[in-house]
Amino acid sequence: MITKVRGVSRLAAGLVMALALSGCGGGAGAGGGGGQDAGTLRVWFPGNLPEEIAWVNEKLVPAFEAEHDVDVQVEFVDWGNLSTRLSTAFAGGTAPDVFGHGNAAAAGYAANDRVIALDDHLAKLPADDVADLTFLDQGKVDGKQVIMPLRGFGHLLAYRADLFEEAGLDPDSPPGTWQELRAAAERLVVRKGDSITRSGVIVPADNPTSMSQAFGSFLFQAGGDFLGESGTEITWNSEAGKRALGFLVDLYNGAQTVSTGLGEATTGAGAQHPLVTGRAAMAVIDEATLKSIHEQAPDVASRIRVAPPLKDAETASFGGAGNGLFISADSKRKDKAWEFIAFLLEPANAKAYVQVVGGIPARASLAADPELSAKPYIKPYMDAASRFRGNPNVAAWTQLRESLAAEIEAALRGTVTAGEALDRAAAKAATQVEQN
Amino acid sequence: MVTETRPAGASAGPDPAGPVRRARRRSLYATQRRAGWILVLPAVITLALVTIVPIGYGFYLSLTSYNPVERGGPRFHGFDGYLAVLTSGQFWQAIWVTVQYAFGTLVLAVPAALALALLVNGRFPGVALFRAVLYLPRVVPLVAVSMIWLWLYSHDGLFNYLLDLVGLPPVNYLTDENTALPSLIVMRAWKALGGSMIIFLAGLQGIPNSLLEAASVDGCGRWRTLRHVILPLLVPITTYVVVVDLIYLAQSFSEIYILTSGGPLSSTTVVNMLIYNEAFEHYRLGNASAMAFLLFCLIFGLAYLSIRTMTKGGGR
């Protein structure tokens with residue numbers, strides 16, 4: 001019996017040892033397969049667009065690997081999870097060498113020394129090559145280049161030409177001012193009893209963040225700005241800001257409501273977009289959403305036109321540098337990382353990138369490209385590129401925007417007035433600026 | 001394992017082989033203890049690594065200020081995070097939403113599950129299929145169920161289509177702050193129905209027939225039998241269903257993340273949604289951890305109260 005018990009004891013000890021050793025072995029294998037070896041460049045792209053994934057994996061990466069002595073391991077991370085994945089990767093020391101993100105995050109990563117300044121690398125490029133890169137200035141934080149924008153984006157007014165004709169409006173003369181927009185929306189809105197069955201116009205309103213971006217367009221048009229030049233003074237609650245939000249609120253609330261659908265997902269909605277289903281006659285939309293409509297509902301897309309940016313005090317709209325690439329400060333392959341970014345920004349690749357993703361090419365020389373100009377979801381945005389303005393590059397911007405977005409939603413839903421909402425958001429943001 | 005037998009009539013005096021036997025026995029027990037420890041060691045290590053250490057680290061984080069994007073790691077600041085959370089209106093709003101969500105779902109799901117269990121406890125053709133169909137939502141992952149209901153609730157979804165058929169205007173189920181939470185509750189109750197029904201069914205089938213027959217002999221009708229015999233006997237089962245559902249519901253996240261992301265106007269921001277936002281939108285992992293421990297206290301308190309309330313009067 002004693003012999004038996006000892007046997008069991010030894011067997012158990014052996015099992016534990018085997019388990020521990022197999023655990024160690026697994027760990028080592030996982031580390032090796034995790035792309036930490038010297039010859040692998042890890043890249044995270046934001047988004048999960050199938051065309052983009054196919055182009056990057058089948059064209060871009062093989063072409064880069066053929067020219068450079070490095071393996072590239074690309075991972076596509078859904079936009080909604082990108083910040084989460086990055087923050088945990090930073091904390092765990094497993095951040096990729098190169099990662100994509102929107103401009104809004106640039107200052108925060110730069111302030112925390114998570115990304116490197118790219119000026120030294122840029123300085124090695126020919127001067128005319130650098131001058132050709134359209135959105136470089138918007139990728140600077142405190143004068144240093146921290147993100148290389150891959151494309152631009154923007155919000156423009158799209159409208160259904162057929163519905164314009166039905167309502168007795170001239171589709172060749174789209175609204176150019178707020179007053180014209182309001183007047184056209186009143187002509188185009190369709191009501192059934194108390195409810196609206198077709199909105200005259202809608203703005204991006206999927207969530208509070210997109211509502212704040214929609215507000216940005218009207219804020220800029222009214223001559224206002226989110227922050228003062230110092231980057232610490234909140235100015236969105238200026239008279240211009242209150243007028244802009246008041247105009248938006250009047251579209252969705254009050255006696256003469258012409259819009260509905262707050263909170264409905266419209267970004268990238270393609271065939272389900274209210275412009276396609278006929279539940280809206282005009283819509284402020286971004287280039288990616290228009291592209292999705294052209295791809296998923298080409299018949300209706302042929303009846304959709306895009307107007308230049310609206311004008312109130314200024315002609316402007318929300319947009320500018322879209323997603324770009326950063327180099328992680330912890331990367332051990334910074335030179336290779338830069339080579340990858342530079343390769344992606346070569347004219348042929350910069351063109352191919354917007355062909356699959358949409359948006360405004362990162363190079364000014366591509367503005368006259370006949371193939372890009374022939375795309376009805378690219379050309380209007382290229383034409384308006386100089387009018388687009390984006391988020392301020394300050395470290396706390398994503399927090400400030402959230403405070404603003406929550407109040408804008410409250411105003412659009414009619415729980416507070418435009419003025420109260422912006423003042424409250426400004427007060428909260430001022431505290432956040434102080435804490436940072 | 002080793003039994004000592006003594007022949008009948010043998011002397012009870014000192015055994016010359018006693019010290020050797022005792023030493024051997026001690027050695028055997030020591031070996032047994034060692035074997036026991038070694039056998040449970042993998043489970044202990046696993047439990048420690050995947051449960052106890054993360055909980056301990058989570059509690060440590062709750063006493064720190066930690067932004068994972070910043071370099072330097074967590075900075076200890078004691079109970080400041082708990083104080084900040086407890087004085088935050090947003091947290092108490094999220095607690096209120098969580099309580100409404102959990103109890104709203106229970107109020108819908110538990111009576112409906114009991115009614116269905118009573119229905120399928122009978123014998124009729126196709127009862128097995130009926131039970132299987134009712135149980136189906138339980139085995140479908142919550143994320144998949146949420147995606148289906150996202151379409152059902154969408155402007156052009158099935159529910160608005162049905163309303164349109166009878167001439168009623170569409171409802172903005174998930175995008176109106178007045179209807180979003182009730183819509184989530186209906187979806188979650190539907191999901192919880194099958195599992196609770198099966199547990200009630202097991203409880204019903206465990207009630208001895210003799211009791212039901214005795215009630216019948218005593219002249220009890222179906223209603224009185226249900227009220228005075230079946231329901232009292234189901235109290236332990238009901239307590240189990242309510243407490244387990246409550247624990248799960250108070251931790252809800254995925255369905256809310258998919259259907260409303262906590263909006264509109266934070267009307268569906270439950271505590272777990274707030275914890276997610278705090279940790280991964282605002283990068284305040286310390287406060288998020290403090291919220292998680294406070295949520296644990298809430299769940300523990302609600303579960304304890306439920307057990308006390310439901311077992312009062314002898315139902316055990």
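**Close-up views of a predicted two-chain model**

**Figure 1. Overall dimensions of chain B.** Chain B has a radius of gyration of 28 Å, whereas a compact globule of 316 residues would have one near 20 Å; the radius is taken over C-alpha atoms, and the globule rule is 2.2 Å times the number of residues to the power 0.38. This is a predicted model, in which local features need pLDDT of at least 70 and side-chain atom pairs count only at pLDDT 80 or more, while totals for chains, interfaces and linings use all residues. Residues are numbered from 1 along each chain as its sequence is written, and chains are lettered from A and ligands numbered from 1 in the order in which they are written. The C-alpha trace of chain B spans about 100 × 75 × 35 Å along its principal axes. Its secondary structure comes to 13 helices and two strands; helices (H or I, at least four residues) and strands (E, at least two) are DSSP runs, numbered from the N terminus. Of the 316 residues of chain B, 29% count as buried. A residue is buried if 20 or more other C-beta atoms lie within 10 Å of its own, exposed if 12 or fewer, and partly exposed in between, with C-beta atoms placed from the backbone. Among contacts in chain B between residues at least 6 apart in sequence, 71% join residues at least 24 apart; two residues are in contact if their C-beta atoms, placed from the backbone, lie within 7 Å.

**Figure 2. The two domains of chain B.** Chain B is divided into domain 1 (19-62) and domain 2 (88-311), with bounds from an automatic or database domain assignment. The C-alpha centres of domain 1 and domain 2 of chain B lie 39 Å apart. Four residues from domain 1 of chain B and six residues from domain 2 of chain B make up the contact. The side of domain 1 of chain B that touches domain 2 of chain B has two nonpolar, two polar and no charged residues. In this classification Ala, Val, Leu, Ile, Met, Phe, Trp, Tyr, Cys and Pro count as nonpolar, Asp, Glu, Lys and Arg as charged, and the others, Gly among them, as polar.

**Figure 3. The largest nonpolar core.** This core has 123 residues, and those with the most contacts inside it are A:L245, A:L248 and A:M282. A nonpolar core is a set of buried Ala, Val, Leu, Ile, Met, Phe, Trp, Tyr and Cys residues joined through C-beta atoms within 7 Å. The core lies between domain 1 (40-150 + 322-345) and domain 2 (154-317 + 393-435) of chain A, because both give residues to it. Not counting residues up to four places away in sequence, A:L248 touches A:V203, A:A214, A:F215, A:F218 and A:L412. A second, separate core of 56 residues includes B:Y101, B:L184, B:L201 and B:L249.

**Figure 4. Contact between the domains of chain A.** The C-alpha centres of domain 1 and domain 2 of chain A lie 30 Å apart. Eight residues from domain 1 of chain A and six residues from domain 2 of chain A take part in the contact. On the side of domain 1 of chain A that touches domain 2 of chain A, α4 and β4 (140-141) of chain A each supply at least two residues. The largest share of that side, four residues, comes from α4(A). By class, that side has six nonpolar, one polar and one charged residues.

**Figure 5. Strand β13 of chain A and its partners.** From β13 (residues 324-327) of chain A, A:G324 and A:F326 point one way and A:L325 and A:I327 the other way, and all are buried. Strand β3 (residues 98-101) of chain A pairs with β13(A) in the antiparallel sense over four bridges; strands pair if DSSP finds at least two bridges between them. A:H101 stands opposite A:G324. Strand β6 (residues 148-149) of chain A also pairs with β13(A) in the antiparallel sense, over two bridges. A:G324 is the bridge partner of A:P149.

**Figure 6. The chain A–chain B contact.** The contact takes 33 residues from chain A and 28 residues from chain B. On the side of chain A that touches chain B, α1(A) gives the most, with nine residues. That side has 13 nonpolar, 13 polar and seven charged residues.

**Figure 7. A loop of chain B.** The peptide bond from B:G263 to B:P264 is cis, with omega near -10°. B:P264 lies in the loop between α11 (254-259) and α12 (271-281) of chain B. Phi of B:L265 is near 50°, a positive value in a residue other than glycine.
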